[in-house]
Amino acid sequence: MLQQASLMTEGPRLCGNSWVFQQDNAAVHNARLTKDFFRENNITLLDHPTCSPDLNPIENIWGWMIGDFKIIHH
């Protein structure tokens with residue numbers, strides 16, 4: 001769970017007052033408690049598709065690793 005002190009102090013400190021928080025729209029990030037926290041604290045979210053590989057490079061890396069694993073073990 002996001003810690004209010006960390007997010008609320010580090011976002012503006014690192015990025016200035018007009019910072020935007022990035023997360024994918026996975027179900028765990030769309031919990032009502034999380035949405036309420038962002039809304040109550042006026043945090044702007046970057047809107048993009050769930051598990052979007054173009055904004056989440058680890059998704060591409062997992063694909064490459066699985067392909068290499070299949071080549072090695074078949």
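**Entry 1: salt bridges**

I began with Glu10, which forms a salt bridge with Arg13; the closest N and O atoms are 2.6 Å apart. The model I was reading is a predicted one. Glu10 and Arg13 both belong to helix H1, residues 4-15, and because they stand three residues apart there, about one helical turn separates them. I then looked up how open each partner is. Glu10 has a relative accessibility of 29% and therefore counts as partly exposed, while Arg13, at 58%, counts as exposed.

How many salt bridges does the count give? I noted two. Asp36 and Arg39 also meet through their side chains, with 3.1 Å from N to O. These residues lie three apart in helix H2, so Asp36 and Arg39 too are separated by about one helical turn. For Asp36 I recorded a relative accessibility of 22%, which makes it partly exposed. Arg39 is exposed, with a relative accessible area of 53%.

I stayed with helix H2, which covers residues 32-40, and asked which of its residues are buried. They are Thr34, Phe37 and Phe38. Looking down the axis of H2, I found these buried residues within an arc of 95 degrees, so they line one face of the helix. On the other side of H2, I listed Arg32, Leu33, Arg39 and Glu40 as exposed.

Thr34 received a closer look. Its relative accessibility is 12%; the limit for a buried residue is under 20%, so Thr34 counts as buried. Setting aside neighbours within four places in sequence, I found Thr34 in contact with Val28 and His29. Just after H2, I noted that Asn42 takes a positive phi of about 55 degrees.

**Entry 2: the nonpolar core**

Which residues make up the largest nonpolar core? I listed six: Leu7, Trp19, Phe21, Phe37, Phe38 and Ile43. In soluble globular proteins, nonpolar side chains tend to be buried together.

I next looked up what Trp19 touches, not counting residues up to four places away in sequence. Trp19 touches Leu7, Gly11, Pro12, Ile43 and Thr44.

**Entry 3: a nonpolar patch on the surface**

I turned to the outside of the protein. Ile58, Ile61, Trp62, Trp64, Met65 and Ile66 make a nonpolar surface patch of about 640 Å². One of these, Trp64, has its place in helix H3, residues 57-72. Is Trp64 buried or exposed? I recorded it as exposed, because its relative accessibility is 60%.

**Entry 4: the whole protein**

The protein holds three helices and two strands, and along the sequence they follow the pattern α-β-α-β-α. Of its 74 residues, 19% count as buried. The protein exposes about 6000 Å², of which carbon and sulfur atoms supply 59%.

I also looked up how far apart in sequence the contacting residues are. Among contacts with a separation of 6 or more, 58% are between residues 24 or more positions apart.

Technical notes: Residues numbered from 1 in each chain as written. Predicted model: local features only at pLDDT ≥ 70, side-chain atom pairs only at ≥ 80, totals over all residues. Heavy atoms only, no water. Core = buried A, V, L, I, M, F, W, Y, C linked by side-chain atoms within 4.5 Å. Buried < 20%, exposed > 50% of the residue type's maximum accessible area, 1.4 Å probe, protein only. Contact = heavy atoms within 4.5 Å. Helix = DSSP H or I, 4+ residues; strand = E, 2+ residues; numbered from the N terminus. Areas by Shrake-Rupley, 256 points an atom, 1.4 Å probe, with all protein chains shown as cover. Patch = residues over 30% accessible without salt bridge, like charges linked within 9 Å, V, L, I, M, F, W, Y side chains within 5 Å. Salt bridge = Lys/Arg side-chain N within 4 Å of Asp/Glu carboxyl O. Arc of directions from axis to C-beta.
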